[in-house]
Structures are given as C-alpha cells and as structure tokens.
Amino acid sequence: MFSRHPSSFVIFICLLFPSWVIAQSNLVIDSLQRSLKVEKTDSLRVKTLNNLAYEFFSIDPKKSITIIEQSLSIAFTLHLKKQILDAYYIKCIGYDMLGNNIEAERNSKKLIELALAYQDTLYAGKGYFIWGNLKNRTSNGPESISHFNKALLYFRKAKSDVDIANMYSRLGTAYNNLGNYETAIQFFIKALAEFGKLKDLKGESVTLHSMGNTFMFLKDYSEAKKYYLKSLKIKIKFNNLSWIGTDYMSLGNAYTETDSLEKAFDYYKKALNTFERIPLTEGIASTNENIGLLLMKKHQVAKAVPYFLKSITLNRTMDAPYPLASSLRNTANAYINLNKLDEAALKLNEASKLAKKMDNRKFKLDLYESLVNYYKARYDFKNISTYMEKYTILKDSIFNDTKSKQIAGLQIEFESEQKEAENNILKQNNDIQRLTIEKQNQTKQIMSIVIFLVVLLTFLLYWLFKSKEIANKKLVYKTNIIDTKNAILEATQLKLQQSLGEKEVLLKEIHHRVKNNLQLVSSLLSIQARATAQNLEVKDFLYKSQNRVQSMALIHETLYLSDDVSKVDFQQYLIKLTSHLFHSFDVDKGNIETTIQAHGIVLDIETVIPLGLILAELINNALKHAFPKGNGKINITLQDHNDEMLELIVFDNGIGLPENYSEKEATLGMQLINDLTVQLYGNLMIENLNGTRVTIRFPKDYLRITII
C-alpha cells in the first residue's frame with residue numbers, strides 16, 4: 001500500500017513568521033488599511049504594505065502578493081534595501097503557498113542575488129532556505145541538502161538562533177526523504193535542543209512531527225504515534241488548522257499501517273474537515289488520496305475511486321508532479337481491480353509522462369509494477385515481459401532477495417505438506433495394527449464393528465491417496481514456476497554481464513581518450529605559458545591551469561590502467577599528483593619531505609575530480625609560497641573522521657598565512673577550493689599552526705567512497 005506524508009513547508013513558514021500562525025482579526029487589517037490612507041512618507045507606506053501582506057497570508061495569498069508588488073515598486077524607487085528583501089521573501093513564500101513552484105524558485109534566486117549584493121546574510125540564508133524546500137518537495141534530495149547547508153552557513157553568520165534551529169529540522173527532513181534515517185534523527189535531536197533553549201514550542205512541535213515521520217519509515221508505528229500525539233498536543237494550543245490537520249492525517253497513516261482501519265478512517269475524516277476549513281489544497285488532496293488507499297485496503301475499491309479522482313483534480317491545480325503522479329497511479333490500480341482497463345491506461349500514461357520528468361526511482365519501480373498488472377489484465381505478454389524486465393533491472397538485488405525468500409517459503413510449505421501426509425499415514429498404520437489386535441481378541445459379537453472400521457479405514461486410505469496425488473500435482477506446478485523464474489533470471493543475468501563487459505571496455509577507451517585530450521590541453525597551456533614569459537602573472541595563471549588539467553588527466557590515466565574503471569585508489573593517485581607538481585615547480589624532493597597517508601581509500605570519479613583539484617591547488621600554493629628557503633615538510637592525510645565523515649588534512653611547516661589573509665579570500669584559487677568543497681557537501685577550515693593547516697570534512701553518505 002502506497003501512502004505519503006504531506007509537505008511541512010507551510011508549517012515552517014509559520015515558524016519563521018509567527019504572525020501567520022494565528023489568523024489575524026479584521027481589526028488589525030482594518031487598522032493597517034486606515035494607516036495606508038494617512039501615511040505621509042513613502043518609506044512608512046512600504047513598511048505598512050509589508051505588514052499588511054503578512055496579515056493577508058492566512059486569508060488570501062494572492063492578495064498578499066498583489067500588495068507586495070505595490071511595496072516593491074515604491075521600495076526600489078527609494079532604494080530601501082531592508083524593505084526590498086523583506087518584500088521579496090514574502091513574495092517567494094506566497095507563490096510557494098499557491099503551489100507555483102516556478103515563480104517561487106525564480107523569486108528565491110532573485111532574493112539571494114539582492115541579499116548578497118546588499119551584504120545581508122540573514123536574507124541570503126532565507127533565500128536558500130526557500131530554494132531548498134522547493135527542491136525537497138520535487139524529490140531532489142542532494143540539491144535540497146546543498147541549499148540547506150548554504151542557508152545554515154548564512155544563518156550562522158547572521159547569528160540567527162531560531163533560523164539555525166529551523167535549518168537543523170529541515171535538514172533532518174531532507175535526510176529523511178533520502179532514507180538516511182540515522183542522520184535525520186541526529187539533526188532532529190539538534191533541532192529539539194535548540195528549540196528547547198529558545199523555549200520555542202512551535203518549532204518543537206514541528207520537529208516532533210518530523211520525528212514521527214522518521215519512525216513511520218522505520219516501521220516503528222508505535223513510536224510514530226507517540227511523537228504525532230506529542231506534536232498534536234502542542235499544536236492544539238495555537239489553534240493553527242494546517243498544523244492540526246497534518247497531525248490528524250499522519251495519525252491516520254500510522255493506524256492504517258497497524259490495520260486499525262476504523263480508527264485510521266476517523267483521523268482522516270478529522271484531517272479532511274480541518275483542511276477544508278482553511279482551505280489548504282495540498283492537505284485536502286493528500287487526505288483524499290489516503291482515504292482512497294484505506295478503502296482499497298478494506299477491499300472497497302469502487303468507493304475509493306471518487307477520493308482518488310478528487311485528489312487528482314486538486315493536484316492539477318498545483319505545480320507538484322510527484323503528488324499528481326502518485327494519485328494517477330493509485331487511481332489506475334483501482335481501475336485495474338475494477339477491470340476498467342481503458343480508464344486505467346489513461347491514468348498510467350499520464351503518470352508515466354510525469355515519471356520521466358522526476359528523478360524518483362521508487363515511484364518508477366511502483367509504476368512498473370502497476371504497468372505489469374495492467375498488461376496482465378490485457379493478456380499482453382510482450383509488454384508484460386518488457387516491464388517485468390525493467391522492474392527486475394531496477395529492483396536488482398532486492399528482487400533476488402525477495403525471490404530467495406519466496407523459494408525458501410515454497411520449500412518449507414512443501415516439506416510441511418509432506419511431513420503432514422507422512423504423519424497421517426503413520427497414524428493410520430497404527431490404527432490398523434490396533435484394530436488387527438482387537439479383531440483377534442474380540443468375539444464374533446463385535447465383528448460388525450470391525451467390518452465398519454475396515455470400511456472406514458479403506459475410505460480414509462483412499463482420501464489420503466487422493467490428497468497426496470493433489471499435493472504432488474501442486475508441487476510439480478510450483479516447481480515449474482520456480483524453474484521458469486530461474487530461467488528468466490539466468491537469461492537476464494547473462495544479458496547484464498555481457499552488457500557490463502562491453503561498457504567496461506568502452507569506459508576504458510573513453511578514459512584513455514579523455515586522458516590524451518587533457519594531456520593535449522596541458523601541452524597547449526605549457527606552450528602558451530612559455531610564449532608569454534614576459535607577463536609573469538599570465539604565465540603563472542597558465543601554469544596553474546596546466547596543473548589543474550594535469551590533475552584530472554592523472555585520474556583518467558589511473559582509471560584506464562585500473563581493473564575497475566569506476567574507482568580510483570587515492571593513495572596511488574596522490575603519489576602521482578605530488579610527483580607531477582614537484583616536477584612542474586622543479587622542486588628537489590630531497591629538500592621538501594612529503595608524507596601521504598590515504599591507504600585503503602577508493603573514490604569514484606565524481607568525487608576524486610573535485611578532491612584532486614583541491615589538493616592540486618593546496619600543494620601548488622605550498623610549493624610556491626610556503627618555503628622561501630627551499631626546505632620543509634608537506635603532510636597529506638585522508639582518513640575516517642567518524643562513521644559518517646572523511647577528513648582531508650594538508651599541512652606544511654612553512655611560513656604560514658599572511659596577516660592580511662582575510663583580504664585575499666576572494667582569489668581564484670581560494671574561490672575554486674571553496675566551490676569544490678561545497679560540491680562535496682564539505683566544511684573547510686584553514687589555520688595557522690606552526691605553518692598552514694587546511695582541514696576539509698565531507699560526508700560519505702552521498703559520495704561513492706569505499707574504505708578497504
């Protein structure tokens with residue numbers, strides 16, 4: 001059964017703007033509107049328009065955006081930076097609440113651009129916060145986490161404790177959506193600690209709800225109910241309908257999973273009534289879909305269809321492809337059950353088009369399953385085979401595990417049936433022996449009873465014979481099914497092995513050609529550098545560029561020469577890279593001692609390229625600036641920092657950083673290091689410790705890293 005949880009973005013918007021949590025009275029709105037009529041200066045008028053837009057969010061988001069447009073027109077004319085940023089932030093959230101993701105993202109990018117231009121770290125963080133939420137809602141987890149980390153960085157610079165707490169909670173939700181539940185719980189615990197310090201019950205309640213979602217994914221439904229009820233208890237105090245409706249629906253999901261269907265239906269009805277009072281389109285759509293799934297579970301398929309159709313209608317009004325695709329697939333499943341195959345085909349076609357636009361492998365797997373069921377109902381064996389193969393390839397090892405369990409289950413079932421038949425035969429044999437002894441000892445007066453027992457025994461033996469015959473036929477049938485599945489699996493595995501071999505040869509050729517092309521680029525840069533010998537700055541830039549290109553060429557050379565074309569032994573790569581850089585700078589290895597410690601760490605190309613560029617830049621800087629006397633040490637270490645992070649340390653015992661280092665942070669080299677660190681989801685720290693120590697920590701969860 002496929003169920004889903006509603007987005008909690010509206011709840012977090014309420015956290016950032018507490019005035020939206022409780023609906024404002026008409027007296028407040030009337031007061032602000034009267035103030036607009038008497039304001040004498042445009043600057044005060046802008047502030048009043050922004051405040052009025054705040055109040056209208058809980059009543060009419062469209063009107064709120066109209067008011068913000070008026071505010072922006074005046075604010076840009078007067079160059080009121082704070083009011084411009086505030087207005088753009090309201091505008092972003094307004095479009096998001098209306099479900100217009102395109103406008104919401106466009107305005108969030110504009111907010112970030114303006115905030116950076118105005119040097120306002122708080123609003124830069126808020127812009128990345130909204131952008132990350134939009135990516136999270138469209139199932140783009142890694143990009144969402146990248147934006148959230150940037151938001152957290154700017155909130156820390158702005159020293160905004162409440163925004164930092166909110167970001168911990170949102171990062172927990174993002175990791176939750178990616179299935180990294182342990183990391184998600186760690187961020188939720190951080191968020192609860194921060195909200196506790198701030199005595200922020202609203203933030204605490206939202207985080208409790210998210211913790212409940214995590215335990216739902218872990219199938220610990222008892223624990224999930226506990227967190228949902230804690231969250232609901234706090235939210236009822238604030239009387240915010242969107243919050244309360246979300247908790248009701250989540251409790252319905254938890255009771256559905258434990259087969260407490262009547263109680264689940266009661267909570268869904270409470271959620272639907274609550275969302276319809278707002279109204280909140282996303283909440284109404286989600287609740288209708290979940291009620292439909294509940295009715296499907298109760299085998300009331302015909303009753304489920306109207307709920308699914310209403311969910312589709314509502315989801316079409318929002319720019320959210322995943323909820324719409326989910327509703328379409330569930331509706332198609334219902335039509336297949338009702339044998340309305342033409343209607344099912346329409347829904348599956350539309351869901352398939354949406355699936356192509358989404359990077360959601362779990363949904364594609366569910367969609368393939370629905371398509372297989374559809375073509376089974378059509379007796380279209382060609383398409384059954386096609387989508388079964390797609391389903392098998394996508395599911396991969398999960399399919400093998402499931403198949404093994406199914407075979408083991410069949411074997412246990414067969415053994416149990418055979419054992420039961422043997423026990424029955426043994427029992428009957430014992431009865432025969434007992435009856436034979438009784439027959440010998442009994443008188444003629446009980447002969448009739450003996451005859452009756454013999455007849456009964458004959459009947460039982462005949463029944464056992466027939467039962468065993470039927471059991472044997474079932475065994476043969478099930479064995480044939482297993483053999484057929486084994487044949488299909490073996491053919492698929494052979495095809496995959498052949499395809500893998502061809503791809504490995506092709507990849508080696510690609511790496512060889514890329515290496516040659518990069519070597520050519522490196523040579524051209526070297527020639528150009530020699531040709532511009534008089535311009536030292538250009539010459540230095542070209543040599544740096546040559547070293548960066550060469551660091552990437554070494555990666556492709558390593559992959560070409562390796563048995564595994566997808567992974568690089570980082571220890572061997574570092575040895576080649578440092579050797580090249582020493583040669584490039586004409587440095588005697590006897591004067592500068594180099595220590596490399598990265599044993600047993602294997603990286604894929606998407607990780608090693610940015611990491612190699614970072615190291616090339618750091619070693620380049622050390623060789624060029626750290627040792628004016630020509631002697632020194634460079635230590636390079638890449639190792640486990642803890643169970644989740646890798647730590648890269650580059651240390652030299654040279655002259656250290658200059659006193660005015662902070663003024664040089666915007667150089668091209670440092671900008672490249674900073675950008676590549678963000679690409680690795682890492683944190684960068686530079687210290688003066690009897691030389692220069694650069695530390696970069698980055699997570700292993702989203703990078704293909706193997707530690708031998």
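F452 lies in helix α22, residues 447–531; helices here are DSSP runs of H or I with at least four residues, numbered from the N terminus. The model is predicted, so local features need pLDDT of at least 70 and side-chain atom pairs count only at pLDDT 80 or more, whereas totals for chains, interfaces and linings use all residues. Residues are numbered from 1 along each chain as its sequence is written, and side-chain values use heavy atoms, with hydrogens and water left out.

F452 is exposed, with a relative accessible area of 54%; exposed means over 50%, buried under 20%, and partly exposed in between, with a 1.4 Å probe and protein chains only. Together with L456, F459 and W463, F452 forms a nonpolar surface patch of about 470 Å² accessible area. Such a patch joins nonpolar side chains (Val, Leu, Ile, Met, Phe, Trp, Tyr) within 5 Å, from residues with over 30% relative accessible area and no salt bridge, a salt bridge being a side-chain nitrogen of Lys or Arg within 4 Å of a carboxyl oxygen of Asp or Glu. The areas come from the Shrake-Rupley method with a 1.4 Å probe, and for residues only the protein chains shown count as cover.

Helix α5, residues 81–97, is mostly covered, with 14 of its 17 residues buried. Just after α5, G99 takes a positive phi of about 85°.

In helix α8, residues 141–158, the buried residues include H147, F148, Y154 and F155. The buried residues of α8 pack against α6, α7, α9 and α26, where contact means heavy atoms within 4.5 Å. K159 follows α8 with a positive phi near 55°.

Conventions:
Helices (H or I, at least four residues) and strands (E, at least two) are DSSP runs, numbered from the N terminus. Patches are made of residues with over 30% relative accessible area and no salt bridge: like charges are joined within 9 Å, nonpolar side chains (Val, Leu, Ile, Met, Phe, Trp, Tyr) within 5 Å. The expected span of a helix is 1.5 Å times one less than its number of residues.
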